Amino acid sequence: MIKKRIILDADTGIDDALAILYAIYCPIIQLEGIMVGFGNTSMEQAADNTLRLLALAKPKQEIPVILGATKPLVRPRGEYTVHVHGENGIGNIELPTTSQQPTTEAAAEFIVRMANENPGELTVVTMGRLTNMAHALELDPNLTTKLKRVVVMGGAVHVPGNVTPVAEANLWGDPEAADLVFTSGVPVTLVGLDVTLKTRITQQQLDILTRVVRPEHKQVAEFMQSAMRHYFNFYRQTNYFLDAAPLHDPLALMVAVHPELVTYQKMKVRVECESSLCAGMVVADLRPIPKVGSEIEVCIDVHAEHAVGQFLSVFE
Ligand code: BDR
Ligand code: CA
């Protein structure tokens with residue numbers, strides 16, 4: 001079986017954690033490394049969460065954790081989203097510590113080196129701000145031709161935002177970085193709120209998973225149960241979802257390896273960077289003859305039941 005070679009870029013919050021666990025157990029993913037950055041929590045906390053998750057999940061080989069950006073490209077950093085992901089980013093669940101350390105190489109250097117060593121082979125899945133990708137493109141503008149694709153969890157095209165009326169958190173947190181990546185020429189697939197908000201995991205499904213989970217994944221299932229309690233509470237309060245929460249970051253990763261889960265539309269887009277009211281908004285030129293922005297692939301619909309089923313299947 002030819003595996004898909006994936007680099008994850010996480011701001012390790014609750015749904016990032018679920019994506020990381022999926023990546024470790026999915027039989028068609030070869031996980032090459034996990035870069036971290038600020039966002040849901042600090043970059044340092046995201047690194048610590050990632051290392052602890054790896055210790056919990058016990059992958060067959062050591063997966064490098066690579067330190068990245070601590071702040072946006074140009075603007076001040078926003079508040080960490082403690083109300084969404086808890087004080088520590090993973091629903092206040094205390095996972096055991098580990099002896100694994102982050103690598104000494106920085107995220108931008110890591111992407112550039114990996115892409116030079118494996119041209120056309122690697123897909124980067126970003127699950128936080130696009131700052132690490134932007135730094136990498138600044139370091140090597142030819143990176144655009146060496147990566148297979150960048151799959152981005154972020155944005156809201158035909159639906160409202162989740163931080164402001166028009167902006168989704170990952171793009172809002174560093175609009176300049178997102179605009180730089182989208183207009184760079186690197187192939188981009190955008191997995192935004194249009195599809196992630198439809199892809200919801202429920203308490204009932206987690207209960208079933210707890211019953212059918214493979215014995216060696218029992219502790220992982222327990223972690224998901226506990227961390228998701230926090231996430232379900234947040235989504236009940238903000239979106240009126242009852243015992244259900246979106247699989248934002250896991251869906252982006254699943255799209256990278258199972259593209260048939262979604263339908264796409266090519267669009268020319270820019271990311272709004274000037275206005276304070278609309279910062280981080282995806283401005284898609286949907287006119288018959290689009291003129292503004294660079295063409296990217298935008299997910300517009302999802303087979304949500306299949307996606308949630310695919311997510312759960314790797315733990316059984
Ligand atoms: C995105 O923002 C973060 O809170 C989540 O981890 C996800 O990456 C959803 O808007
Ligand atoms: Ca995230």
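I worked from a predicted model.

**Entry 1: the shell.** I listed the residues around ligand 1. They are Asp15, Asp16, Asn40, His85, Met127, Met153, Asn162, Glu168, Ala169, Asn170, His248 and Asp249. I sorted this shell by type and got 3 nonpolar, 5 polar and 4 charged residues.

**Entry 2: polar contacts.** I looked up side-chain distances to oxygen atoms of ligand 1. For asparagine 40, a side-chain N or O atom is 2.8 Å from a ligand oxygen. For asparagine 170, the distance from a polar side-chain atom to a ligand oxygen is 3.0 Å. For aspartate 249, the corresponding value is 2.7 Å.

**Entry 3: burial.** I then checked how much of ligand 1 is covered. Alone, ligand 1 exposes 280 Å², and the protein buries 96% of that area.

**Entry 4: the pocket.** I asked where ligand 1 sits. Its space is the second largest pocket. I noted which elements give two or more residues to the shell: helix H1 (14-25), helix H6 (169-172) and helix H11 (248-257).

**Entry 5: a salt bridge.** I turned to charged pairs. Side chains of opposite charge can pair when their charged atoms come close. I found 14 salt bridges in the structure. One of them joins glutamate 121 to arginine 5, with N to O at 3.7 Å. Glutamate 121 is in the loop between helix H4 (107-117) and strand S4 (122-126), and arginine 5 is in strand S1 (residues 4-10), so this pair ties together parts 116 residues apart in sequence.

Notes: Residues numbered from 1 in each chain as written. Chains lettered and ligands numbered in written order. Predicted model: local features only at pLDDT ≥ 70, side-chain atom pairs only at ≥ 80, totals over all residues. Heavy atoms only, no water. Near = heavy atom within 4 Å. Polar contact = N/O pair within 3.5 Å; in protein donor to acceptor, adjacent residues only side chain to side chain. Areas by Shrake-Rupley, 256 points an atom, 1.4 Å probe, with all protein chains shown as cover. 1 Å grid on protein atoms, 1.4 Å probe; cavity = no way out; pocket = protein on both sides within 12 Å on 5 of 7 lines; lining within 4 Å. Sits in = over half its atoms within 2 Å of the grid points. Helix = DSSP H or I, 4+ residues; strand = E, 2+ residues; numbered from the N terminus. Nonpolar A, V, L, I, M, F, W, Y, C, P; charged D, E, K, R; others polar. Salt bridge = Lys/Arg side-chain N within 4 Å of Asp/Glu carboxyl O.
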